[in-house]
Amino acid sequence: MERSHNLQGLFILAALIALGGLYLWQNNQPTITVSVPAGSPTPENATPPDWQVALESQLQASTPLPTTDPNATGFMPPTLPPTEPATPLIIEPVDVDSVDVDSIDIAETPWPTPTASVTPDQLATIQPSAAGPTPLSSPTGIIGPTQIEGYQPPPEQVPLSSHANDHFWMVRPVDASANSASLFYYPFGSDGPQNEWRVHHGVDMPNDIGEPIHAGGSGVVAFAGNGANVVGGTDLDIYPSYGNVVLIEHDFGYRGQKIWTLYAHMSAITVQQGQRIQAGDVVGLIGGTGDVSGPHVHMEVRMGENDYFAVVNPLLWIAPYIGHGVIAGRVTYEDGRFVEDVVVTLSQEGRVYETTSTYVQPYMPGAQIWHVMPDPAWDENFVLGDVPAGDYTISVTIRGQRIAQEITVKPSTTNFVSLSLAFPATPQAVDTAEPSPTESD
Ligand SMILES: [Zn+2]
C-alpha cells in the first residue's frame, strides 16, 4: 500500500511538471494566425460559370489542325432553327449575255480618297430611319470598337473552333495593343457609305506607320514586293493601288480549297518571296503606300484561287478577343435572295453599338464570279467581329419595313442570325404595284 501510494504521488508530480512545461513551451511559441474562409458548399447541380462552359466546349469541340483535304465534305450550311417558310437560298446571277462586258471597268471605280472620311454622326444621318412597330429608342450615339481606348483583352488562341462551322484559324495581323477594329464605314463587301468606292475585298485596320504586321497563319511567302509588280490573278490593274504587298500561301486549306492571305499598303516589307513563316511572324510594317486614306493594313483572305475576286470575310477567320464573339448574318428577301448594301444595326438596350452593311455583290461577267464570296461555312452577307458577349438587338430596314431579331452573342464562336422579309401571314389581295425584286435600300 505504502509503496503504491508513493508511486501514485510520483506519477501525479511528474504529470504536473510535464503539464507545466508544456504550458511554458506553448506560451513561448510565436502566435500563428490561421484564418479559414467561411465558404459555402457548392450545390451538386450548380450551373457552372460561363467561362467554364466555354472552355469545356472548346476542349471537346476543337477541331484538329486544318489541312488541305481533297476528300473534305462539301458545303454544309449552318443548322438554324427553321424559319417560315423554308425557302432555298437562291442567288440569281445576271444574265451574262445581256451584260456588255467591255462596259465594266473596275479600274474606273475609285478607291477611298484621302478626303473621304465619315464620322459616326454622319453615318447616323445616312442610316434609313427606323420604321415599324418597334423603332429604336433614339440611339444616343455609336458606342463600341471606335471607343475602345487603351485596353484590349487578349485574343483567343488559334486554331479556335467552338462551333463545327467555326474556323478562327488566324491570329490578327496587328499587335494585341494596336487597333484591329476594321473601318466600320468600309467593311468587307461594302462600296462605302455613298456607294462611290470599289467594293471592299478585305478589312482595313488603321494604325500608325511602323507598327508591325503579323502573318495570320503559317505558310510560304508567295509574293513580297510592290503591287505594281503583279500579285497574281486576273486583274492586274488592281494591284498597283495596294502599294507594298505580302501574300502568303498557307499550309492549310478549307474543305479542299487553298487559302491565301494578303497584307497591303506596307511601309516596309520584312520577308522575301519563298520564305517559310509561322503564324504571328512579322512580315512588314504598317504604311500608307498605294491608294489609301490613311496608314492602315488591308488584309484579304483568298480561298480556292489566288485572285482578287476569290475573297471571303477575314473577320470569320481571325480569332476574336477573349470574352467576345463574332456575328455572321444573312439578310434576305422573302424568296431567299440576298439584300445588298443595307445598313445592319447592332444595338443594346436601345443604344446603337455598331453598324455595318450587307455585301454588294455585283456579278463580274468577265471573271465569271461574284465580287466577294459568302463564306462556305456560313453563307452570310454581313459579319460583325469582336462583339462582347451579351444580349443584343440586330435590325435592318427593307422597303420601309423594320426587321429585328434578339441575339445572344456567345463568346469564342460565330453567332448566326437570319433577317428576312416575312411572307404575309394571310393571303393578300393581289397588288399590281409589286415592288421591284431588285429594290434594296
Ligand atoms: Zn482595304
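**A walk from loops to sheet and core**

R255 is found in the loop between β4 (244-254) and β5 (257-266), where strands (E, at least two residues) and helices (H or I, at least four) are DSSP runs, numbered from the N terminus. The structure is a predicted model, in which local features need pLDDT of at least 70 and side-chain atom pairs count only at pLDDT 80 or more, whereas totals for chains, interfaces and linings use all residues. Residues are numbered from 1 along each chain as its sequence is written.

The phi angle of R255 is near 50 degrees, a positive value in a residue other than glycine. Is this residue buried, exposed or partly exposed? R255 counts as partly exposed because it has 18 C-beta neighbours inside 10 Å. A residue is buried if 20 or more other C-beta atoms lie within 10 Å of its own, exposed if 12 or fewer, and partly exposed in between, with C-beta atoms placed from the backbone.

The protein as a whole contains 3 helices and 19 strands. Of its 441 residues, 37% are buried. Two residues are in contact if their C-beta atoms, placed from the backbone, lie within 7 Å. Among contacts between residues at least 6 apart in sequence, 70% join residues at least 24 apart.

Two strands pair if DSSP finds at least two bridges between them. Strand β12 (residues 343-348) pairs with β13 over 6 bridges, and L346 has E354 in β13 as its bridge partner. The loop between β12 and β13 holds E349, which has a positive phi of about 50 degrees although it is not a glycine. E349 is exposed because it has 10 other C-beta atoms within 10 Å. On to the next strand, 3 bridges join β12 to β17 (residues 390-398), and the partner of S347 in β17 is T393. Finally, 9 bridges join β17 to β18, with S395 partnered by A404 in β18. The hairpin of β17 and β18 has 2 residues between the strands, and R399 takes a positive phi near 50 degrees there.

Two further loops deserve attention. P159 lies in the loop between α3 (120-126) and β1 (203-206), and a cis peptide bond with omega of about -5 degrees joins V158 to P159. F309 lies in the loop between β9 (296-303) and β10 (311-312). F309 counts as buried because it has 22 C-beta neighbours inside 10 Å. Its C-alpha atom is separated by 7.9 Å from that of M373, 64 residues apart along the chain.

The last topic is the interior. In soluble globular proteins, nonpolar side chains tend to be buried together. A nonpolar core is a set of buried Ala, Val, Leu, Ile, Met, Phe, Trp, Tyr and Cys residues joined through C-beta atoms within 7 Å. The largest core has 75 residues, of which V246, Y263 and V383 touch the most other members. The largest share of this core, 6 residues, comes from β5. Not counting residues up to four places away in sequence, Y263 touches several residues, including P173, I213, V283 and M299.
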